Amino acid sequence: MTDTIEVVVNGERRAIAPGVTLLELLDELALDPRAVVVEHNRRIVRRPSLAAVRVAPGDAIELVHFVGGG
Amino acid sequence: MTTAVDLVRDAPFTIGGRTFQSRLMVGTGKYPDHETMTRAIEASGAEVVTVAVRRVDLDRSKQASVLHYLDPKRLFLLANTAGCYTAADAIRYARLAREAGFNDFVKLEVIGDEETLLPDVRGLLEAATVLVKEGFKVLAYTNEDLVTALRLEDAGCAAVMPLASPIGSGLGLLNPFSVRTIKRRLRVPVVVDAGVGTASDACVTMEQGVDGILMNTAIAAAQDPVAMAHAMRLAVDAGRAAFLAGRMPRRDVAMPSSPLEGMLD
């Protein structure tokens with residue numbers, strides 16, 4: 001039951017369950033997949049593919065959105 | 001609200017195939033709160049608003065996406081690459097922004113110096129070339145250097161955005177001659193970006209004949225951002241109308257406005 005893998009999400013290490021997809025990760029983080037853009041190991045993953053990509057140990061994931069700016 | 005004949009007859013303001021009614025574009029950063037921001041945007045009459053790409057706050061304690069406060073049906077969201085110091089970073093941010101799914105426009109910034117936030121023109125040209133090839137409509141934030149502006153146009157940029165003065169400085173239009181020269185020599189739209197401090201700066205800038213202005217801090221950091229947004233709207237219209245009207249020539253000596261004839265002995 002202590003089986004977790006470590007990934008880096010937005011620069012912070014997180015322990016998550018093995019075999020989780022990016023869509024499941026977003027769900028776990030309570031993020032709406034329509035409201036964020038996902039970059040997985042420097043590659044953008046489009047929304048329709050989020051459920052197909054599984055997260056592996058050591059992966060770097062960036063979750064971005066629009067904020068105020070000039 | 002403007003009914004001046006010259007503005008009605010003005011050529012459309014079109015960038016990358018999109019036509020906009022307002023020549024004023026505004027940023028969405030640095031506002032005291034979201035309500036002030038939305039009211040200021042409304043008062044400015046701007047259709048194009050800039051946004052930045054940043055990490056989602058995972059503890060979700062503070063910022064929601066700015067999109068909660070901007071209606072993408074009414075406003076054209078122009079993502080920027082602010083904060084990027086290399087071509088590679090700017091390209092990465094632009095791709096992420098496009099993936100948000102609103103449009104393929106990007107306000108490209110590649111910064112070269114932390115103190116002045118002046119552009120790194122080599123990185124800018126490199127990033128612009130790559131992004132144009134990928135189908136982006138690139139609006140390139142640059143300095144007021146004609147040759148760089150020409151190179152950006154050659155690279156396929158949809159618009160070139162020379163600065164009035166450094167970002168957030170509020171120093172106004174420091175080099176009207178260079179901005180005028182860029183406008184005269186380029187075929188793509190020239191939109192002055194950054195440095196405007198108050199309404200007179202915006203007016204003088206538009207009087208140079210440029211196609212538009214993008215500003216953020218001048219509105220957001222005013223004591224009353226909504227009132228300043230209104231002032232900027234008037235100033236941009238006034239400056240555009242004055243440009244179209246064509247100013248009188250400058251003279252070094254006075255010339256009376258009243259007739260010399262008919263004076264008493």
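Reader: How many residues of chain B are in contact with chain A?
Author: In this predicted model, 27 residues of chain B are in contact with 20 residues of chain A. Two residues are in contact if their C-beta atoms, placed from the backbone, lie within 7 Å.

Reader: Which elements of chain B give two or more residues to that side?
Author: Strand S4 (48-55), strand S5 (76-80) and helix H3 (87-99) of chain B do. S4(B) gives the largest share, six residues. Helices (H or I, at least four residues) and strands (E, at least two) are DSSP runs, numbered from the N terminus.

Reader: And what is that side of chain B made of, by class?
Author: There are 13 nonpolar, nine polar and five charged residues on the side that touches chain A. Ala, Val, Leu, Ile, Met, Phe, Trp, Tyr, Cys and Pro count as nonpolar, Asp, Glu, Lys and Arg as charged, and the others, Gly among them, as polar.

Reader: Before I go on, how are the numbering and cut-offs set?
Author: Residues are numbered from 1 along each chain as its sequence is written, and chains are lettered from A and ligands numbered from 1 in the order in which they are written. As the model is predicted, local features need pLDDT of at least 70 and side-chain atom pairs count only at pLDDT 80 or more, while totals for chains, interfaces and linings use all residues.

Reader: Back to S4(B). Which strand of chain A is joined to it, and is the pair parallel or antiparallel?
Author: Strand S5 (residues 60-68) of chain A is joined to S4(B) by five bridges, and the two run antiparallel. Two strands pair if DSSP finds at least two bridges between them. Within this pair, His65(A) has Arg54(B) as its bridge partner.

Reader: Leu63(A) is in that chain A strand too. Buried or exposed?
Author: Leu63(A) counts as buried because it has 22 C-beta neighbours inside 10 Å. The cut-offs are 20 or more other C-beta atoms within 10 Å for buried, 12 or fewer for exposed, and partly exposed in between, with C-beta atoms placed from the backbone.

Reader: What is Leu63(A) in contact with, beyond its neighbours within four places in sequence?
Author: In chain A, Val9(A), Asn10(A), Leu31(A), Val36(A) and Val38(A) are in contact with Leu63(A), and from chain B there are Arg55(B) and Val56(B).

Reader: New topic: H7(B). How many of its residues are buried?
Author: Seven of the nine residues of helix H7 (residues 199-207) of chain B are buried. Among them are Ala199(B), Cys203(B) and Met206(B).

Reader: What covers them?
Author: The cover includes strand S9 (191-193), strand S10 (212-215) and helix H9 (225-245) of chain B. S9(B), H7(B) and S10(B) also make a right-handed β-α-β unit. Right-handed is meant with the strands pointing away from the viewer: the path from the first strand over the helix to the second runs clockwise.

Reader: Which strands are joined to S10(B)?
Author: S9(B) is joined to S10(B) by three bridges, running parallel, with Val191(B) opposite Gly212(B). Strand S3 (residues 24-26) of chain B also pairs with S10(B) in the parallel sense, over three bridges, and there Val26(B) stands opposite Met215(B).

Reader: Which way do the S10(B) residues point?
Author: Gly212(B) and Leu214(B) point one way, Ile213(B) and Met215(B) the other, and all are buried. In a regular strand the side chains alternate between the two faces of the sheet.
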